[in-house]
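I record here what I looked up in this structure, entry by entry. The sequence and model come first.

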Amino acid sequence: MKDELYALQEQALADVEKAEQGKELQDIKVKFLGKKGPITEVLRGMGKLSAEERPLIGQVANEVRGSIQEAIEKKQQTLKAAEIEQKLASETIDVTLPGVSKAVGHPHPLTQVIEEIEDFFLSMGYSVAEGPEVESDYYNFEALNLPKSHPARDMQDSFYITEELLLRTQTSPVQPRTMEKMNGRGPVKIICPGKVYRRDNDDATHSHQFMQIEGLVVDENIRMSDLKGTLEVFAKEMFGEERDIRLRPSFFPFTEPSVEVDISCSICQGKGCSVCKQTGWIEILGAGMVHPRVLEMAGFDPEKYTGFAFGMGPDRIAMLKYGIEDIRHFYTNDLRFIQQFNRK
Ligand code: 2U9
């Protein structure tokens with residue numbers, strides 16, 4: 001029986017040696033040391049032994065059990081340590097390796113320009129007013145001194161939804177909407193950014209949907225020089241201190257007098273080049289003194305109140321600022337174009 005025990009011990013220790021997984025050790029333990037195990041079996045047979053043999057076998061059996069138990073625990077630690085080692089090896093981070101850059105988004109170039117323009121006017125005490133893109137014919141045209149029959153309506157080919165509803169062709173309707181809420185009392189000092197829609201065939205300088213920012217100041221004694229001064233500071237802020245502005249007479253149904261505003265060409269410093277078509281000047285926006293009819297329709301007494309207004313296309317401003325030759329780049333969501341404006 002003693003040899004049998006040692007043979008079991010040898011077998012068990014050999015299995016422990018070969019074991020590679022904790023599970024195997026568990027199985028060996030159950031197999032050799034378990035209730036139904038051969039050593040237990042031997043011990044159960046102790047009854048048949050002589051009195052002098054029993055303690056000897058008992059001692060050998062416990063020695064064998066102890067050595068197998070110990071071998072299993074030692075091997076478990078070895079396997080545990082190897083597992084941790086392997087885990088560490090697989091998880092070691094080579095800090096010298098370049099990091100995996102997470103693609104972080106950033107504002108669209110148009111949004112960047114619009115926010116820059118908004119920040120300028122907010123710094124001048126204006127507030128931002130917004131309104132519906134699906135607008136009524138009244139606010140988009142009538143309230144802007146463009147009665148139903150007015151020819152200028154055709155200039156702005158519109159997406160009509162019903163007789164009375166259309167996709168707004170400019171953000172101007174936000175202004176009579178805002179003025180009406182003032183119950184004829186100034187001051188009004190707002191800028192109105194947003195999407196506008198014109199039934200245009202998209203090409204390098206036209207898009208059926210584009211952005212606009214308009215501004216309006218209504219109060220007592222607002223004069224043309226206030227408009228000129230405001231636009232001068234704006235142009236220098238957006239395009240550089242060395243820029244000059246020029247006001248040219250123009251016509252808009254909702255302003256009288258009306259002007260178009262140019263800045264000196266940033267490419268040729270005003271000497272004339274292909275960008276400014278040899279004029280040295282580049283048009284950036286339109287403006288004028290608010291037409292008394294428009295003030296009146298919005299509930300303001302044109303005898304007491306005057307105002308100025310301006311309108312610009314941030315797309316155009318961005319194209320000038322960044323030398324972009326095709327407006328469609330803004331709307332085709334080509335990341336190669338957009339990611340150039342990632343202000344890291
Ligand atoms: C009210 C009174 C006056 C807004 C104005 C312009 C001149 C203008 C164009 C610029 C580029 C449209 O996107 S664009 O093509 N706009 O030139 N806009 S004055 O005048 C108003 C608006 C509302 C109540």
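In which strand does Gln 209 lie? I find Gln 209 in strand S6, residues 209-219.

**Basis of the entries**

I am working from a predicted model, in which local features need pLDDT of at least 70, side-chain atom pairs count only at pLDDT 80 or more, and totals for chains, interfaces and linings use all residues. I number residues from 1 along each chain as its sequence is written, and my side-chain values use heavy atoms, with hydrogens and water left out.

**Overall form**

I noted 12 helices and 10 strands in the protein; these are DSSP runs numbered from the N terminus, helices being H or I with at least four residues and strands E with at least two. The radius of gyration is 43 Å, whereas a compact globule of 344 residues would have one near 20 Å. For that comparison I took the radius over C-alpha atoms, and the globule rule is 2.2 Å times the number of residues to the power 0.38. The C-alpha trace spans about 130 × 50 × 35 Å along the principal axes. Of the 344 residues, 43% are buried; I use buried for under 20% relative accessible area, exposed for over 50% and partly exposed in between, with a 1.4 Å probe and protein chains only.

I also looked at contacts, meaning heavy atoms within 4.5 Å. Among those with a separation of 6 or more, 67% are between residues 24 or more positions apart.

I record Gln 209 as buried because its relative accessible area is 11%. Leaving aside neighbours within four places in sequence, Gln 209 is in contact with Lys 195, Val 196, Tyr 197 and Tyr 331. I then followed Gln 209 to Thr 169, which is 40 residues away in sequence and 9.1 Å away in space, C-alpha to C-alpha.

Thr 169 sits in the loop between strand S4 (165-167) and helix H8 (174-180). Its relative accessibility is 0%, so I count Thr 169 as buried. The side chain of Thr 169 makes a polar contact of 2.9 Å with that of Asn 140. By polar contact I mean a pair of N or O atoms within 3.5 Å; within protein, one must be able to donate a hydrogen and the other to accept it, and residues adjacent in sequence count only if both atoms are side-chain atoms.

Asn 140 belongs to helix H6, residues 137-140, and is likewise buried at 0% relative accessible area. Beyond four places in sequence, the contacts of Asn 140 include Glu 135, Leu 166 and Pro 173.

**Strand S8**

I placed Val 259 in strand S8, residues 255-264. Val 259 counts as buried because its relative accessibility is 6%. Pro 249 is 10 residues from Val 259 in sequence and 4.5 Å from it in space, C-alpha to C-alpha. Among the residues that Val 259 touches are Met 224, Leu 247, Phe 252 and Gly 288. Pro 257 also lies in S8, and the peptide bond from Glu 256 to Pro 257 is cis, with omega near -5°.

**Backbone notes**

I found a cis peptide bond from Gly 186 to Pro 187, with omega near -10°; Pro 187 lies in the loop between H8 and strand S5 (188-197).

Asn 145 is not a glycine, yet its phi is positive, near 65°. Asn 145 is in the loop between H6 and helix H7 (152-155) and is buried at 17% relative accessible area. Gln 278, also not a glycine, has a positive phi of about 65°. I located Gln 278 in the loop between S8 and strand S9 (281-290), where it counts as exposed at 57% relative accessibility.
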